Amino acid sequence: MIGFIVAGLVIGALARLIKPGKQHLSLIATLLLGLAGSVIGGVIASALGTGDMFELNVLGFIVAVIAAVLLIGVAESLSGRNKAARNRAVR
């Protein structure tokens with residue numbers, strides 16, 4: 001379990017380094033998005049027959065980082081919409 005959390009944090013951190021621009025995400029958000037990316041990567045790698053979902057392999061790691069980059073983009077766009085809606089409500 002601890003290894004899964006560490007892997008999620010590493011994957012989330014790598015995704016934030018790859019994604020251009022400044023992300024306004026907390027450490028917890030990075031961890032959660034990294035964990036989600038790692039699960040997606042494990043499921044896809046397992047579906048392709050490269051190993052078990054919880055097994056560390058190159059394909060699963062690459063897919064996990066790509067999935068985490070996409071999830072960070074989605075999280076940023078959702079938080080941007082929330083800020084815009086709050087700004088309109090305040091005015």
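Tutor: Start with Ser38. Apart from neighbours within four places in sequence, Ser38 is in contact with Phe4, Ile11 and Ala64. Keep in mind that this is a predicted model.

Student: Where does Ser38 lie?

Tutor: In helix H2, which covers residues 27-47.

Student: Is Ser38 buried or exposed?

Tutor: Buried. Its relative accessibility is 12%, and the cut-off for buried is under 20%.

Student: Which other residues of H2 are buried?

Tutor: Besides Ser38, the buried set in H2 has Thr30, Leu31, Leu33, Gly34, Leu35, Gly37, Gly41, Gly42 and Ala45. On the spacing in such a list: an α-helix has 3.6 residues a turn, so residues three or four places apart point the same way.

Student: How far does H2 reach, first C-alpha to last?

Tutor: It reaches 30 Å with 21 residues. That is close to the 30 Å expected at 1.5 Å a residue.

Student: What follows H2?

Tutor: Gly49 does, with a positive phi near 80°.

Student: Zoom out. What is the secondary structure of the chain?

Tutor: Three helices and zero strands. Along the sequence the pattern reads α-α-α.

Student: How much of the chain is buried?

Tutor: Buried residues are 29% of the 91 residues. The chain exposes about 6,000 Å², and carbon and sulfur atoms supply 72% of that.

Student: And the contacts, what share links residues 24 or more positions apart?

Tutor: 60%, counted among contacts with a separation of 6 or more.

Student: Surface next. Which residues make the nonpolar patch?

Tutor: Ile2, Val6, Val10, Leu14, Leu17, Ile18, Leu56, Val58, Phe61, Ile62, Ile66 and Leu70. The patch is about 1,200 Å².

Student: Which helices supply at least two residues each?

Tutor: H1 (2-18) and H3 (58-90). H1 gives the most, with six residues.

Student: Pick one from H1.

Tutor: Val10 is found in helix H1. It is partly exposed, because its relative accessible area of 41% falls between the 20% and 50% cut-offs.

Student: And from H3?

Tutor: Take Ile66, which sits in helix H3. Ile66 is partly exposed, at 48% relative accessibility. Its C-alpha is 9.7 Å from that of Lys19, 47 residues away along the chain.

Student: What about Val58: where is it found?

Tutor: In helix H3 as well. Val58 counts as exposed, because its relative accessibility is 62% and the cut-off is over 50%. Val58 and Ala45 are 13 residues apart in sequence, and their C-alpha atoms are 9.0 Å apart.

Student: Is Lys19 buried or exposed?

Tutor: Buried, with a relative accessible area of 19%. Glu76 counts as partly exposed, at 22%.

Student: New topic. Where is Asn57 found?

Tutor: In the loop between H2 and H3. Asn57 is buried, at 15% relative accessibility.

Student: What does the Asn57 side chain do there?

Tutor: A polar atom of that side chain lies 2.6 Å from the backbone nitrogen of Gly60. Leaving aside neighbours within four places in sequence, Asn57 also has contacts with Ala45, Thr50 and Gly51.

Student: Last one. What does Ala67 touch?

Tutor: Gly37 and Ile40, not counting residues up to four places away in sequence. Ala67 has its place in helix H3 and is buried, with a relative accessible area of 10%.

Conventions: Residues are numbered from 1 along each chain as its sequence is written. This is a predicted model: local features need pLDDT of at least 70, side-chain atom pairs count only at pLDDT 80 or more; totals for chains, interfaces and linings use all residues. Side-chain values use heavy atoms; hydrogens and water are left out. Helices (H or I, at least four residues) and strands (E, at least two) are DSSP runs, numbered from the N terminus. Buried means under 20% relative accessible area, exposed over 50%, partly exposed in between (1.4 Å probe, protein chains only). Contact means heavy atoms within 4.5 Å. Patches are made of residues with over 30% relative accessible area and no salt bridge: like charges are joined within 9 Å, nonpolar side chains (Val, Leu, Ile, Met, Phe, Trp, Tyr) within 5 Å. Accessible areas come from the Shrake-Rupley method with a 1.4 Å probe; for residues, only the protein chains shown count as cover. A salt bridge is a side-chain nitrogen of Lys or Arg within 4 Å of a carboxyl oxygen of Asp or Glu. A polar contact is a pair of N or O atoms within 3.5 Å; within protein, one must be able to donate a hydrogen and the other to accept it, and residues adjacent in sequence count only if both atoms are side-chain atoms. The expected span of a helix is 1.5 Å times one less than its number of residues.
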